[in-house]
Amino acid sequence: MTWTVAPEPYDSPVAAALWRAYYTEVSDRWYLLHEGRRTDPDELEREIAAQPGADLASPRGRLLVARYGGEPAGTAGVRLLDGMTAELTRVFLKEPMRGKGGATLLVRAAEDAARALGATRMILDTRGDLVEARALYARLGYRETEPHNDDPYAEHWFAKPLA
């Protein structure tokens, strides 16, 4: 089986299914950790609808989809914040696909997409409980920084030069 990564419209059925899987997983992890329950289905639907991903469309963004053996397996999004800085978001792999090199491939492809948009620096934020994500970013050369946004769920902020 081989990996491929390619741009995908943020509103395609494949992108929508992967966004739902991503948001369900990270939301459920947060609620299970903090409130001992899964995400309320109505809240999940509202949040998915409220964040469709239009900011990941050209000309200032990209949504990338990784496929493993031709099957959609994960995503990474990039949005240009200013002329020099891009933000990495929605990095996700379906659980059965983890540990097969796809996450590194996705982040590297997102870095290339950010460079193509003109960025010289990539930033991101993540939560403390997403230890796998934090380890991935550190392994790929991202360094923890001071906060660059006021997202109520962000607990760790990272940056990396894209030279």
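I take a pocket to be an open set of points, on a 1 Å grid over the protein atoms alone, with protein on both sides within 12 Å along at least five of seven lines; lining residues have an atom within 4 Å of a point. Grid points are joined across faces, edges and corners, and a volume is the space filled by probe spheres set on the points.

The model is predicted: local features need pLDDT of at least 70, side-chain atom pairs count only at pLDDT 80 or more, and totals for chains, interfaces and linings use all residues. Residues are numbered from 1 along each chain as its sequence is written, and side-chain values use heavy atoms, without hydrogens and water.

Largest pocket. I looked up its volume and found about 1200 Å³. Its lining holds 43 residues, and Y22, V26, V91, T126 and L130 lie nearest the centre. I noted that α1 gives the most to this lining, 9 residues. By class I have 20 nonpolar (Ala, Val, Leu, Ile, Met, Phe, Trp, Tyr, Cys and Pro), 15 charged (Asp, Glu, Lys and Arg) and 8 polar (the others, Gly among them).

Cavity. I then searched for points where a 1.4 Å probe fits but cannot get out. The whole structure has 1 cavity of 30 Å³ or more, and the largest cavity has a volume of about 40 Å³. Y10, A15, L18, W19, L63, T75 and R90 line the largest cavity.

Helix α3. Just after α3, G118 takes a positive phi of about 105°.

Conventions. Helix = DSSP H or I, 4+ residues; strand = E, 2+ residues; numbered from the N terminus.
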